[in-house]
Each structure stands twice: as C-alpha cells, then as structure tokens.
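Thanks for coming. I will go through a handful of local features, and the structure is on the screen for reference.

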Amino acid sequence: PMAIVAGLKWLKTNNWLYRDCEIDVEALQTSDQMIDAVLDEIHETGAVPIDYESPRTKIDQYLKCGGVKIDFPRSEGSPLSFADRKFAECLAFPWLFPYGRNDFDTEREERLTLLQYLQSRILHENNRFRCDIHYLVTSTNRYERQVLKRLVSFYVSNLRKTTKKGMEETVPITIGDVQNLTQNPDLLTNSLMFTKQQRGTSSYWKDKLWDLLAKVKCIGPPDLFVTLSCADLQWPELETLLRDDLGYDFVNMAQGVKTDPVIAALHADKRFRELLKFLQKSKVLGTIEDYHARVEFQNRGSVHFHLFLWIKEAPSLAKGSSIEEIIEYIDKIISTELPDDEEMRELVKVQIHNHKVGTCQMKNKKCRFHYPRRECDRTRILFTEQRATCVGNFYELKRTKDAKMVNAYNPEA
C-alpha cells in the first residue's frame, strides 16, 4: 500500500487525469491487513498466472483464500464503457501512459484510425505495449467492438424491408422490427452474414468454408493435408530476436515467448510464409496449383497451421493412376525414417511424439494420435475394411521398429 500511495502521489503531480484524485491512506492500511492473509496464495492481482508449458492447471488452487473474506468498496451507477470513455487508455494503464498523454484520444495533426494507432503501439521499437498482456487483450477487444459496431451500422442502414404497401424499400430499422421478426424475415436470415469480415465469428468461418468448397468444386479434392507445428522453443533465431527485444537474458525460451508473444507470433508467421514460398519454388511436393490454410493456436499459445494443397503431378484414383504410382508418390514426399546424418537426425528428433497427459492421453489413457504406430515393411494402400486397424487413414507408411514414435515428415522441407 505504501508503494501504491507513492505511485498515486506521483500521478497526482505528473498526470493531469489524477489531479483530483483523493488518497485515503487509512483505507489502504486496512486493506493491507486483510490482504496479508492471502498473499502467499494469490500470485497475481486480477488474473490467474499462466503456465506456458502446462496450461491445464486447476484454477481452484489459485483461488483459495484460507477462509478470509475480502470486501472491496462498491460504487453506485452503471459500469463505464471503455470504448466510450475518453482517455480510457490513460486511466486504465497509468504505467503505460504515466503522463496521461499520447493515447488514441489525444489530438493530432493527422488523425489516425484505431487500427493504425494500435499497430503503431504494438509494433513500436519500445516493447512495453506488446509485452503487456492486459493491454493486448483490451486493445483487441476494443478494435473488434469498433469493427462490429461499424458493420452493424452499415447493415442496418442498407437493409431493405417490406413496408405496409407491400413494397421493398430501404427504410430505417426500428426496435419493433427486431422484435417482430415474422414480418421481417430478412433480419433473421441475413443477420449473421454481415459479420463475415470480422475474424472468429461463425459467419467468417462459414464464408471461408464456402471458399474451400468452391476450390474443391473447381479444382477437385485436395491432394495433400499438411499440419505445421511450431517448434518455437527450439528456434535459435527466435531466441536471438527475443533477447534483443526484451533486452535481458530470460531463464528459458518458454519465459521469453510468454513475455513477448507478439514477436513470437510474427516470427512464426514469417517462417510459415517463407516455407510456403520454398514449397512453391522448389516443387519438392510437386507443382502447387492452389492451397487453403488455417491458423490455430494450441492451448499453450503456440501457433500451428493446417494446409490443403492441390498438387498438379499428384497421382490419384480419380485421375486414373495405379496403386503403385500412388505408393511411389507417398514414399517420395513422406518419410518416418530416423536418418543416419547427424544434423538431419537432430531435426527429426523434433518430430518424435512424446506422450503428455491432457494433450494426447485423455481419460482412457490411450494416445489420441495412436502412438506408437505399428511396424510396417512397406507403404500400403488400405481399403475400407482395413482402415479401422490403422487410425482410419487410407494408407499405412513404411516404418521400422525404432521409428514407431516418429511423426511423418518431408525430408526436403
């Protein structure tokens, strides 16, 4: 509390937004006595600490208060909206805006959009904004609210509804129209599709599904499904970037990625784009006619990618190819071998599956990825009655006894 008092006094002197702030030292001392009882059990104020390597931690263990009840002062009135409150950034993040200046609401000669402003903050050489998780989450929420509000406004202003005269006209939508959807079916039918430009919404993913189905209809079924998982904890280039950006030596890579997630995500995106360029230029998988990608984040926060690839030279039964030609192509681009080359063997070690409770081993304690895989002397195409014995795949890879835990990989990429 004394540190809080010192901070408030500094803000009253240096931050114009805090000049009228009154400090009740007695109340802070009372709070100090109450909070002392639970300091050993509460690790972080207002948030549960995140274990980067083991996110599936029971939240209850962080919320035990030893029977002590903490009463926080109540305030009357409606909650304040962060989006509508002027200088909300300066008030919510005084450690980022200690002088109460240069937030989004500050007057500038050239007005910035919210997106331009946030990009400038997060990608600035000064890393304090992108390393503040609370600021990142709040900024994302603020931007998405603005986008949604703009989309709703555009949708409502351009919606055509049937008037009493039986004609379709573009007229203002009222609360009564929304409440009486039977007379205005377009409101219900099209109410989701106007948000397809906002990432993460159901209509956004539905629109992406339609794009994928259109590719399938025009080009045909994809030839390859590729999953790319980031070994970000073992990238020396990322470690160098994080040390340069943070300006200090962190204990391990997990701590570095957790502290500076924006740099880690940007680096992963850059590597993905460069890999895609390599695959298109080198043609190690064949000539890529088209692709469809989806980016996801694992529980621990690491990014991974799923890809559908359409390969011009890829054989298939639909093209009249023989079983032997399909097997030859699979063996050419997919491997499970442990190579003799020492450098290559170190890379393949990243492809070796490790069982983890809560990730691959669920309640029945069986690996959901079906490792270890069985030994196989040659690659085989499986028909319907055989797939149940091989993870539902339509093929079984050639695999030696010592490679039962190796994920399939491409040795050239």
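R380 counts as partly exposed, at 25% relative accessibility; buried here means under 20% relative accessible area, exposed over 50%, and partly exposed in between, with a 1.4 Å probe and protein chains only. E396, by contrast, is buried, with a relative accessible area of 4%. The side chains of R380 and E396 meet in a salt bridge, at 2.3 Å from N to O. That pair links distant parts of the chain: R380 sits in strand β6 (residues 380-381) and E396 in strand β7 (residues 395-396), 16 residues apart. Helices (H or I, at least four residues) and strands (E, at least two) are DSSP runs, numbered from the N terminus. A salt bridge is a side-chain nitrogen of Lys or Arg within 4 Å of a carboxyl oxygen of Asp or Glu.

A word on the source. This is a predicted model, in which local features need pLDDT of at least 70 and side-chain atom pairs count only at pLDDT 80 or more, while totals for chains, interfaces and linings use all residues. Residues are numbered from 1 along each chain as its sequence is written, and side-chain values use heavy atoms, with hydrogens and water left out.

Back to the charges. How many salt bridges are there by this rule? The count comes to 13. One of them is between the side chains of R271 and E237, at 3.2 Å from N to O. This pair also links distant parts of the chain, with R271 in helix α11 (residues 261-282) and E237 in helix α9 (residues 236-246), 34 residues apart. R271 is partly exposed at 31% relative accessibility, and E237 is partly exposed at 43%.

Helix α11 also holds a local pair. K277 forms a salt bridge with E274, and the closest N and O atoms are 3.7 Å apart. Both K277 and E274 lie in helix α11, three residues apart, about one turn of the helix. E274 is partly exposed, at 36% relative accessibility.

Next, the surface patches. Patches are made of residues with over 30% relative accessible area and no salt bridge; like charges are joined within 9 Å, and nonpolar side chains (Val, Leu, Ile, Met, Phe, Trp, Tyr) within 5 Å. Which residues gather in a patch of negative charge on the surface? They are E337, D340, D341, E342 and E343. Lys and Arg count as positive and Asp and Glu as negative, with His and the chain ends not counted. The place of a charge is taken as NZ of Lys, CZ of Arg, CG of Asp or CD of Glu.

L209, W210 and L213 form it on the surface, with about 300 Å² of accessible area together. Areas come from the Shrake-Rupley method with a 1.4 Å probe, and for residues only the protein chains shown count as cover. L213 is in helix α8 (residues 202-219) and is partly exposed, with a relative accessible area of 47%.

Now the backbone. Which residues other than glycine have a positive phi? F87 has phi near 60°, and N102 has phi near 65°. F87 is found in the loop between α2 (25-35) and α3 (88-92), and N102 in the loop between α3 and α4 (114-122). F87 is buried at 18% relative accessibility, whereas N102 is partly exposed at 44%.

On to cysteines. The structure holds zero disulfides, a disulfide being a pair of cysteine sulfur atoms within 2.5 Å. C131 is partly exposed, with a relative accessible area of 21%; C218 is exposed, at 69%; and C376 is buried, at 7%. C376 is found in the loop between α13 and β6. From C376 to L397 is 21 residues in sequence and 6.9 Å in space, C-alpha to C-alpha.

One further contact across the chain. K258, in helix α10 (residues 253-259), is partly exposed, with a relative accessible area of 39%. K258 and I133 are 125 residues apart along the chain, and their C-alpha atoms are separated by 9.3 Å.

That is the list.
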